[in-house]
Amino acid sequence: MVLPFLLLHSSLPPVHPSCPPSSVTFISRSPRTDYPPLHIPACRDTIVFTTPPQTRKRKAAEAAITDKHSATKDFVARSQAATGPSSRKSARKTKAAVDLEVADPDPATDLASVVSGEFTISAEKKGPDLVTPASTTMESDEDFMSVASSADDFLDTQASDDESLGEDFGDDFDGGFSKDKDIISTSRKPYEVDFKVLSPDDIERDQNRQINEVSSILSLPPESSAILLRYGRWNREKLIESYMDHPEETLDEAGLGTNFEGTPKTEVLSGFMCDICCEDGDGLETYAMRCGHRFCVDCYRHYLAQKIRGEGEAARIECPRDGCHMIVDSKSLSLLVTAALKDRYNTLLTRTYVDDKENLKWCPAPNCEYAVDCPIKQRDLRRIVPTVQCNCKHHFCFGCTLNDHQPAPCQLVKMWLQKCEDDSETANWISANTKECPRCHSTIEKNGGCNHMTCRKCKHEFCWMCMGLWSEHGTSWYNCNRYEEKSGSEARTAQAKSRASLERYLHYYNRYANHEQSAKLDKDLYLKTEKKMTSLQSQSGLSWIEVQFLDTASQALQQCRQTLKWTYAFAYYLARNNLTEIFEDNQKDLELAVENLSEMFEKPVPELANLKVDILDKTAYCNKRRVILLCDTAENLKNGVWSFNVDW
């Protein structure tokens, strides 16, 4: 048995200039109870050990070799780079056979490592030099000779000890430098995207930052730089490149001109007549921009008010003179309009900023003032469904701003909604009461009892019963028995295909509409959840925190219903293969779990307290099944694995 060693370091005296560069003293513990006083040399580099007699013969010591002192220094440099304070704390339990305890683990203390039943000393100091033991105090020369090793063995042992730390702690041993992966880093699911929610203040701050950057680069006034950026739709790199190549052309196209001198101010000119109102009275206050077109201040104010309030224009308000494209800048506008109109002007500029940038979208929720910044490009929408969540808790697709429609891509959603708008209202009636003309495939309604039908569009005559040519029926139109004729067989085949296509659409639409209706009912139920929670709290004696499971279950129901609704729109356009069957199995599992949770949620209030654990379990299961379904679908969509029955 190997007993632990005690490392004494707290009583080390300060460094003394006369201390030798390396000295280690071993003091053996005897069975006596009256220990003699220990002699602690006045040296910073002295390490004192108390060793039990049972482990004397297992002690490992090294003889100091002066010519290899530099090699030892190199080893310590490597050891200090690979070993930190955290790893020294972690190394206390290395080796199952040896329990090594380090007293007061401090960055300035030493680390004792145990390797292969023997121990070696790794002295780590804040000083630049390594303390190499020069002498050891042993009970006898035999003890020393039995365990003494060369400096090469010492270095090899240290190296193996450093490597063994990783083996003992497993693959997760990081030397004390890596972060906790479970806490610091979180893996993003395949259906999730990076995004950031911006408040109006954040948007205004971003605008001003970009304006100041361009202003400093191009040496232009900030108000002129703002007009340039809006002209270039906030593409700074392209704008700066265009300005550097053709400065005058760029300024003219942006509506700025090349004259930036002077401060905007109103003037009173004698004999001036306004071209808009034809006023020419004395003391008439006038204003002119850098283009030189002067009008009275009242006409300017009415013009700007009409542009801002009436037309909602802010970024490209031009000079009132017909044919002049000079843009009214913010300084001129501040001089002429009221504070309320200036606030409206700034609000419109903020909207223009968000609308011009591809990576910004307004939250479509009513009365929401937040915008979302997402790096997803338009070309990526075929393989990604970028669902984001605003600070108002509203989930929407960043690509099309519709409500969350995972897992269906935006283009398929657009096609599905168009088809539902065209077909769903009349599909059932068409299926039951109409047929298609065998020649032009126009939909025909039978408005009489006779089976002799004539298409009004192409004048084709056919039998309503067998869809065959009427000319082949002779006088037996009233009792059609010609089911097997060729012309009727082809028509019936085309009709069967059309009916099969309609029935397939109705299959998916009915389930889509059912989940949409159920989601609305669940939302109404969610609005009543707080009342239900209050009732449950009063009847069961549960606290308000304990009845929150109803709110969690209600939110899970709405989210899962929304996902299930769009899985049927997605499945309608999928081609049949093995992946489709896996998708339908995941869809079925989620649907079954949602129906079970919905059934529990609608139980009477007195029964809900006893169902708390079941509802919590089912809620967690529903969320898990939803994540599995979305992860599988998004991963295959991103990799281009899905096959579709339409071109999109």
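Gly232 sits in the loop that joins helix 6 (222-231) to helix 7 (236-245). This placement is taken from a predicted model. Gly232 counts as partly exposed, because its relative accessibility is 23%. Between the C-alpha atoms of Gly232 and Ser242, which stand 10 residues apart along the chain, the separation is 9.6 Å.

Arg233 lies in the loop between helix 6 and helix 7 as well. Its phi is near 55 degrees, a positive value in a residue other than glycine. Most residues other than glycine have a negative phi, and most peptide bonds are trans. Lys393, in the loop between strand 12 (387-389) and strand 13, also has a positive phi, near 75 degrees. The relative accessibility of Arg233 is 48%, so Arg233 counts as partly exposed; Lys393, with a relative accessible area of 63%, is exposed. The accessibility values of these loop residues are set out here.

| Residue | Relative accessibility | Class |
|---|---|---|
| Gly232 | 23% | partly exposed |
| Arg233 | 48% | partly exposed |
| Lys393 | 63% | exposed |

A further backbone feature concerns a peptide bond. The bond from Gln406 to Pro407 is cis, its omega being near 10 degrees. Pro407 belongs to the loop between strand 13 (395-397) and helix 12.

For the chain as a whole, the model contains 19 helices and 17 strands. The chain has 648 residues, of which 40% count as buried. When contacts between residues at least 6 apart in sequence are considered, 61% of them join residues at least 24 apart.

The largest nonpolar core holds 46 residues, and the members that touch the most others are Trp416, Tyr505, Leu550 and Ile615. At least two residues of this core come from each of helix 12 (410-423), helix 14 (486-527), helix 15 (529-540), helix 16 (548-572), helix 17 (578-601), helix 18 (605-608) and helix 19 (612-638). Helix 16 provides the largest share, 12 residues. Beyond its neighbours within four places in sequence, Leu550 is in contact with Thr529, Met533, Leu536, Phe601, Leu608 and Ile615.

The crossing of helix 17 past helix 19 is left-handed.

Among the elements, strand 4 (residues 111-115) has the lowest mean, 36, whereas strand 11 (residues 371-373) has the highest, 96. The pLDDT is below 50 over residues 53-57, a stretch with 10 contacts in the model beyond near neighbours in sequence. It also stays under 50 over residues 64-72, where the model has 13 contacts beyond four places in sequence. Where pLDDT is low, the predicted coordinates should not be read in detail.

Terms used: Residues are numbered from 1 along each chain as its sequence is written. This is a predicted model: local features need pLDDT of at least 70, side-chain atom pairs count only at pLDDT 80 or more; totals for chains, interfaces and linings use all residues. Side-chain values use heavy atoms; hydrogens and water are left out. pLDDT is the predictor's confidence in each residue, from 0 to 100. Helices (H or I, at least four residues) and strands (E, at least two) are DSSP runs, numbered from the N terminus. Contact means heavy atoms within 4.5 Å. A nonpolar core is a set of buried Ala, Val, Leu, Ile, Met, Phe, Trp, Tyr and Cys residues joined through side-chain atoms within 4.5 Å. Buried means under 20% relative accessible area, exposed over 50%, partly exposed in between (1.4 Å probe, protein chains only). A crossing is left-handed if the near helix is turned anticlockwise from the far one by less than a right angle, and right-handed if clockwise.
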